[in-house]
Amino acid sequence: VQLQASGGGLVQAGGSLRLSCVVSGNIFSMAMIRWYRQVPGKERELVASITKGGTTYLEDPVKGRFTISRDNAKSTGYLQMNSLKPEDTAVYYCYAQVPTRDFRSQYTYWGQGTLVTVSS
């Protein structure tokens, strides 16, 4: 299983970016997908989640500005980021979580980060 994140870049405050996370390994349809972000010197923080059924959760700092979605046919998760602020600057990581066959535990996978820089 591999997760390939892309879409980061430099954008001015108020702008938009869309991050993508392609998941290989035939697990996508069963996976919860999450996006995290991390600023140097700080802990990695959860940004958004989407269940295999499409239910979404957004953390308070990004509610109303970010949207998480998924395309099972493309095995790809997305994070649409609008109205970006300088404080959104971070390395963004995608994450996939899949239950084991007995549903007693989870397999977890991380993608490499993609840097988002928002200038003021």
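This is a predicted model: local features need pLDDT of at least 70, side-chain atom pairs count only at pLDDT 80 or more; totals for chains, interfaces and linings use all residues.
Let me begin with the salt bridges. The structure holds four of them. Which residues are linked in a network of salt bridges? They are R37, E45, R65 and D88.

Consider R37. With E45, R37 forms a salt bridge whose closest N and O atoms are 2.6 Å apart. R37 has 6% relative accessibility and therefore counts as buried, whereas E45, at 35%, counts as partly exposed. R37 also meets D88 in a salt bridge, at 2.9 Å from N to O. D88 sits in the loop between β8 and β9, and R37 in strand β4, so this pair ties together parts that are 51 residues apart in sequence.

D88 has a further partner, R65, with the closest N and O atoms 2.7 Å apart. This pair, too, links distant parts of the chain, for R65 lies in the loop between β6 and β7, 23 residues apart from D88. Are D88 and R65 buried or exposed? Both are buried; for D88, the relative accessibility is 0%.

R34 is buried yet has no salt bridge. The nearest side chain of opposite charge belongs to E59, 7.5 Å away. The side chain of R34 does make a polar contact of 3.1 Å with that of S49.

Finally, the largest pocket. Its volume is about 190 Å³. Among the lining residues are N26, M30, R101, F103 and Y109. Strands β9 and β10 each give two or more residues to this lining. By class, the lining has seven nonpolar, two polar and one charged residues.

Technical notes. Residues are numbered from 1 along each chain as its sequence is written. Side-chain values use heavy atoms; hydrogens and water are left out. On a 1 Å grid over the protein atoms alone, a cavity is a set of points where a 1.4 Å probe fits but cannot get out, and a pocket is an open set with protein on both sides within 12 Å along at least five of seven lines; lining residues have an atom within 4 Å of a point. Grid points are joined across faces, edges and corners, and a volume is the space filled by probe spheres set on the points. Helices (H or I, at least four residues) and strands (E, at least two) are DSSP runs, numbered from the N terminus. Ala, Val, Leu, Ile, Met, Phe, Trp, Tyr, Cys and Pro count as nonpolar, Asp, Glu, Lys and Arg as charged, and the others, Gly among them, as polar. Buried means under 20% relative accessible area, exposed over 50%, partly exposed in between (1.4 Å probe, protein chains only). Lys and Arg count as positive and Asp and Glu as negative; His and the chain ends are not counted. A salt bridge is a side-chain nitrogen of Lys or Arg within 4 Å of a carboxyl oxygen of Asp or Glu. A polar contact is a pair of N or O atoms within 3.5 Å; within protein, one must be able to donate a hydrogen and the other to accept it, and residues adjacent in sequence count only if both atoms are side-chain atoms.
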